[in-house]
Amino acid sequence: MPGDCSTHHHPIAEEDRWRLITYRLLARLLASAPDALLLEHITINKDCQSNSEIIMSWNQLAGSARQRPLLHIQQEYQTVFIGLTSGEIVPYASRYLTGHLMEKPLAVLRQDLQRLGIHRQDDVNEPEDHISALLETMSLLIESGDDFQWIFLEKHLLCWTNQLFNDLLAADSARFYRHVAAFGQAFMSLETTQLSMHTNQTNHAL
């Protein structure tokens with residue numbers, strides 16, 4: 001599974017530490033084509049023997065990272081997500097939830113990001129509802145220990161990411177990224193379970 005490639009400034013439980021690392025890995029893979037260092041980071045993790053969906057999908061992702069040439073993976077990212085005018089996958093929440101870019105889901109997201117004190121960097125041109133930005137935001141909320149992470153997860157991710165990963169699994173040009181999609185889908189399934197457990201615990205505490 002993904003290893004730790006970040007430094008944390010707040011005490012964090014081991015389970016949340018793994019969640020944070022996984023969010024950051026997926027965010028990086030979906031933000032741009034991987035470089036050699038990132039692929040090496042994936043491939044050096046040994047296969048885990050388990051029948052669980054998350055472990056099996058990780059093993060397949062690591063295997064693909066070992067087998068496919070870096071240049072092919074980088075070209076694949078360009079085709080799947082960018083293309084000449086548009087890629088096969090347009091990974092924005094507004095597009096998936098309304099059929100159009102820059103719609104109400106983006107406005108609602110910006111309100112929440114403003115409340116959290118999270119601002120888009122000046123050198124970033126992508127709207128904030130790009131999948132990689134949302135995944136990165138989740139990692140920041142986990143790292144800070146902000147309980148709003150569960151609201152953010154349900155409100156801005158779980159309502160559309162399963163369809164995104166389904167589309168990526170079916171994309172004609174996806175080879176390496178088909179495995180990214182399977183791993184992302186398995187991880188978000190675990191996050192759905194975590195959200196349910198957190199909600200039940202919160203309700204019992206009231």
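Helix axes are lines fitted to C-alpha atoms over the stretch in contact, and the angles between their N-to-C directions run from 0 to 180 degrees. The helices themselves (H or I, at least four residues) are DSSP runs, numbered from the N terminus. The model is predicted: local features need pLDDT of at least 70, side-chain atom pairs count only at pLDDT 80 or more, and totals for chains, interfaces and linings use all residues. Residues are numbered from 1 along each chain as its sequence is written, and side-chain values use heavy atoms, with hydrogens and water left out.

**Helix pairs**

The axes of helix α1 (residues 14–31) and helix α7 (residues 131–144) come within 8 Å and cross at roughly 160°. This makes α1 roughly antiparallel to α7, a term for angles over 145 degrees. The crossing of α1 and α7 is left-handed, meaning that the near helix is turned anticlockwise from the far one by less than a right angle. On the α1 side, the contact (heavy atoms within 4.5 Å) is made by D16, R19, L20, Y23, R24, L26, A27, L30 and A31. The α7 side supplies I131, S132, L135, E136, M138, S139, L140, I142 and E143. By class, the contact of α1 with α7 has 11 nonpolar, two polar and five charged residues. Here Ala, Val, Leu, Ile, Met, Phe, Trp, Tyr, Cys and Pro count as nonpolar, Asp, Glu, Lys and Arg as charged, and the others, Gly among them, as polar.

For helix α6 (residues 104–116) and helix α8 (residues 148–156), the axes come within 12 Å and cross at roughly 165°. Helix α6 is therefore roughly antiparallel to α8, and the crossing of α6 and α8 is left-handed. Residues V108, L109, D112, L113, R115 and L116 of α6 make the contact with F148, F152, K155 and H156 of α8. The residues of this contact of α6 with α8 divide into six nonpolar, one polar and three charged.

**Nonpolar core**

A nonpolar core is a set of buried Ala, Val, Leu, Ile, Met, Phe, Trp, Tyr and Cys residues joined through side-chain atoms within 4.5 Å. Of the 52 residues in the largest such core, Y23, L30, L157, L168, F176 and Y177 touch the most other members. Helix α10 (residues 176–205) provides the largest share of this core, nine residues. Leaving aside residues up to four places away in sequence, F176 touches L29, P34, L39, L61, S64, A65, R68, I73 and E76.

**Individual residues**

Buried means under 20% relative accessible area, exposed over 50%, and partly exposed in between (1.4 Å probe, protein chains only).

| Residue | Relative accessible area | Class |
|---|---|---|
| L113 | 8% | buried |
| T192 | 40% | partly exposed |
| Q60 | 45% | partly exposed |
| M102 | 51% | exposed |

L113 is found in helix α6 and touches I118, E128, T137 and F152, not counting residues up to four places away in sequence. From C-alpha to C-alpha, L113 and D16 are 21 Å apart in space and 97 residues apart in sequence.

T192 belongs to helix α10. Q60 lies in helix α3 (residues 53–67).

M102 is placed in the loop between α5 (93–98) and α6. Although M102 is not a glycine, it has a positive phi of about 60°.

Notes
Helix = DSSP H or I, 4+ residues; strand = E, 2+ residues; numbered from the N terminus. Parallel < 35°, antiparallel > 145°, perpendicular 65-115°, else oblique.
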